[in-house]
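Reader: I would like to learn how to read a helix and a charged pair in a model. Could you walk me through them?

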Amino acid sequence: MGKASDLAKCLYGFFSPIAPSFLEGTVPNGTPFPYITYSLSYEDWFIDGNMQVRVWTKSSSMVKVTELTDAILDKIGYGVAEDIPNGGTIVMKKGSPLWQFVPDEDENIKTTMINITYNIYKY
């Protein structure tokens, strides 16, 4: 447990059903909107970690970006536990501030950033 690739697979599996998902900074050129990016860090067992998730859409309205933001928050609920491949569990909870709008130079790109607090536990 603790391998970066195992945690990356777990997070990809969590976010990808909502929209195509990528580790922050790895979105391939030409990827169509909408998509999700997320940070990847690892804290030792039982220590609070923080993760930022960004929802990216291209639209003149805020409807799609807020719908996808709500989908992620609904999936987290009051806390969600996800199995990490090869052992362990990550428990994700809503962070603070919960989410915020992030302006972009392109007025048609709408982005929100969601803050998630997590803990990693070994089986």
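**A helix and a salt bridge**

Author: Happy to! Gly77, with a positive phi near 55 degrees, follows α2. This is a predicted model, where local features need pLDDT of at least 70, side-chain atom pairs count only at pLDDT 80 or more, and totals for chains, interfaces and linings use all residues. Residues are numbered from 1 along each chain as its sequence is written, and side-chain values use heavy atoms, leaving out hydrogens and water. Helices (H or I, at least four residues) and strands (E, at least two) are DSSP runs numbered from the N terminus.

Reader: How many salt bridges does a search of the whole structure find?

Author: Side chains of opposite charge can pair when their charged atoms come close. The term needs a side-chain nitrogen of Lys or Arg within 4 Å of a carboxyl oxygen of Asp or Glu. The search finds 1 salt bridge, in which the side chains of Asp106 and Lys58 meet at 3.7 Å, N to O. Asp106 lies in the loop between β5 (89–102) and β6 (109–121), and Lys58 in strand β3 (residues 49–58), 48 residues apart.
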